[in-house]
Amino acid sequence: MLSPIHLPRERATELVGDGHGDPFAPAGKVFREWVSIPAVDPQLWRDLLTKAADFTRKSLRDER
């Protein structure tokens, strides 16, 4: 099962480009800031979840 995660566009593109992720495209529409991660690699997931949380916090601050 692929698990999608929300990241900055550059990081999502990098993960897809180096084979660590797949484009997240429900119903055929690609979400550029989302990437599906098929790997069960605890260190990779820790790093990605930290990056995703930072990205979300920044996005919320920018909306104010």
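How exposed is Asp 54, in terms of relative accessibility? Asp 54 comes out as partly exposed, at 39%. Some notes on the rest, bearing in mind that this is a predicted model:

1. Overall fold. Reading along the sequence you get β-α-β-β-α, that is, two helices and three strands. The radius of gyration is 12 Å, close to the 11 Å from the globule rule for 64 residues, so the chain is as compact as a globular protein of that length. The C-alpha trace spans about 35 × 30 × 20 Å along its principal axes.

2. Burial and contacts. Of the 64 residues, 22% count as buried. Take contacts between residues at least 6 apart in sequence: 49% of them join residues at least 24 apart.

3. Charges. There are 10 positive and 10 negative side chains, and the centres of the two sets sit 6 Å apart. Searching the whole structure turns up three salt bridges.

4. Helix 1. Arg 11 and Glu 14 pair up at 2.4 Å, N to O. They are three residues apart in this helix (residues 9-17), so about one helical turn separates them. Both are partly exposed: Arg 11 at 22%, Glu 14 at 44%.

5. Helix 2. Back to Asp 54: its salt-bridge partner is Arg 57, at 2.7 Å, N to O. The two are three residues apart in helix 2 (residues 42-63), about one helical turn, and Arg 57 is partly exposed at 46%. Asp 62 and Lys 58 form another salt bridge, with closest N and O atoms 2.8 Å apart; these two lie four residues apart in helix 2. Asp 62 counts as exposed at 53%, whereas Lys 58 is partly exposed at 43%.

Conventions. Residues numbered from 1 in each chain as written. Predicted model: local features only at pLDDT ≥ 70, side-chain atom pairs only at ≥ 80, totals over all residues. Heavy atoms only, no water. Rg over C-alpha atoms; globule rule 2.2 N^0.38 Å. Buried < 20%, exposed > 50% of the residue type's maximum accessible area, 1.4 Å probe, protein only. Contact = heavy atoms within 4.5 Å. Lys, Arg positive; Asp, Glu negative; His and termini not counted. Charge placed at Lys NZ, Arg CZ, Asp CG, Glu CD. Salt bridge = Lys/Arg side-chain N within 4 Å of Asp/Glu carboxyl O.
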